[in-house]
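Subject: Structure handover

Hello,

Here is the structure we spoke about. Please open it alongside this message.

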Amino acid sequence: MTHDIDRTRMRDLMRREFDRFEQDHPRSRELFERAKANLLAGVPMPWMSEWAGPYPVFVAEARGARFIDVDGREYVDLCLGDTGSMTGHGPKEAVDAIAEQAARGITLMLPTEDAAWVGAELQRRFGLPFWQFCLTATDANRFTIRLARAITARPKILVFNYCYHGSVDETIVTIEDGVPGARVGNVGAPVDPTETTRVVEFNDVDALEAALAHEDVACVLAEPALTNIGIVLPEPGFHDALRTLTREHGTYLVIDETHTICAGPGGATRAWGLDPDFLTVGKPLASGVPAACYGMTAQVAERTDAFMRSMPTTDVGGIGGTLSGNALSLAAMRATLEHVLTDSAFERMIALGERWADGVSAAIREHDLPWEVQRIGCRAEYWFTPTPPRTGGDAAAADDHELARFTHLYALNRGILLTPFHNMALMSPATTEAEVDAHSTVFDEMAAELTG
Ligand SMILES: Cc1ncc(COP(=O)(O)O)c(C=O)c1O
């Protein structure tokens, strides 16, 4: 037998958790009230107001896989800056390199030797030979889209329903009741995104083929698996079809590895043998210092280079960023790739991801909940569904915001931070088995209380 969640019980428990949070976090509340005087909604960015408690925890300091808040409480950080700190906080080799480079010059508009080293290492990991650097994965995607449009002279891109690739105008689009349109919450869209974008469901090869048949799509921008609406894995043969169809229709394939870097040192591209034309990745590459990059094949690089050379200047053409490719980012990236996100670190992290998934699965079975766990490498999360969603639309429909808030706040009140917006946990090189087991224990207690 499986339990339907008793909502009355859950809401009673949630009230208790809210009270506990407020008792435990007086200093965070004080700072939140103070910040409201000058920050919209009292936070540096709007999404920071969407944590499960009545206000966010303010951080005093973070080290390794843990942080301490301003009330002196310590947490195991399984959110890790939603991948930005997948390296763990402040890994020594990266901190040393950052400090040294900061003292020797942060940004110059000139290249440093680290750029060449990092380019070669990215080729070793991802297979693509040519690279450019920027500050965020959003920018990597924006610039790549521009290049794909430029060299194909095609107007549109294609994305999968409920994808997320950063705050990229062309991608903030979903299908509702079969009709594509601006995604709910799309702020001030410059144009109706259906003018720029075709959108189909992940794993729907027929819809993909029909959309590409218009031959107006410059590139498909895809994560190897959807990760931002929960983990939605590709079905067998989906990536082969995606690659074959994009080639058949003269459309470039851009693989965004920003989250799926969790699959291993070369992301899912290497782990699953993908063969993209462009690859984008950001977030943890420089241990939390803003840094991102986009790579391309030799054929794409040749066309891109020829296109760029045909322009009178590349300075004001929409691909840029004064601080892009700065010396500090590149020094941090080099140290991170050389010493932190190493092949052996990934082996440990992935084993911890398995351990976390096993712990949660055991509790789900023990308490007879109709839930399940999905995992890619060192990233794992639980779904409130008995079978995994196969499309972004299914995944969005399975969202249970109220229940997720409860499970998150329950964990937070017991010293464990999960990633907001989905039920995700990430392992860093600094994470320990004991920290993973601490979550399993708390999850088991939560499930016991929820099911009575
Ligand atoms: C797959 C993917 N690509 C790109 C981005 C954008 O990253 P950033 O916000 O660092 O620009 C995100 C952010 O969550 C992401 O999940």
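Predicted model: local features only at pLDDT ≥ 70, side-chain atom pairs only at ≥ 80, totals over all residues.

Residues are numbered from 1 along each chain as its sequence is written, and side-chain values use heavy atoms, with hydrogens and water left out.

**Three-stranded sheet**

Strands β13, β14 and β16 form an open sheet in that order, with antiparallel pairing. Helices (H or I, at least four residues) and strands (E, at least two) are DSSP runs, numbered from the N terminus. Two strands pair if DSSP finds at least two bridges between them. β13 (372-376) and β16 (424-426) are the edge strands; each has a single partner, so one side of each lacks a neighbour in the sheet. Neighbouring strands are turned by 20 degrees against each other on average, direction ignored. Strand β14 (residues 379-383) and β16 run antiparallel, joined by 3 bridges. Ala380 has Ala425 of β16 as its bridge partner. Helix α11 (residues 343-366) packs on this sheet and touches β13, β14 and β16. The direction of α11 makes about 175 degrees with that of β13. Contact means heavy atoms within 4.5 Å. Axes are lines fitted to C-alpha atoms, for helices over the stretch in contact, and angles run from 0 to 180 degrees between N-to-C directions.

**Four-stranded sheet**

A second open sheet has the order β1-β2-β3-β15, with mixed pairing. β1 (59-63) and β15 (416-417) stand at its edges, each with a single partner strand, so one side of each has no neighbour in the sheet. Strand β3 (residues 74-77) runs parallel to β15, with 2 bridges between them. Val76 stands opposite Ile416 in β15.

**Second largest pocket**

A pocket here is an open set of points on a 1 Å grid over the protein atoms alone, where a 1.4 Å probe fits, with protein on both sides within 12 Å along at least five of seven lines; lining residues have an atom within 4 Å of a point. The lining of the second largest pocket has 30 residues, with Gln132, Phe133, Tyr294, Ile319 and Ser324 nearest the centre. α9 gives the largest share of the lining, 5 residues.

**His422**

His422 sits in the loop between β15 and β16. Its relative accessibility is 7%, so His422 counts as buried (under 20% relative accessible area, 1.4 Å probe, protein chains only). Among its contacts are Glu381 and His408.

How values were computed:
Buried < 20%, exposed > 50% of the residue type's maximum accessible area, 1.4 Å probe, protein only. Lists of a residue's contacts leave out its neighbours within four places in sequence.
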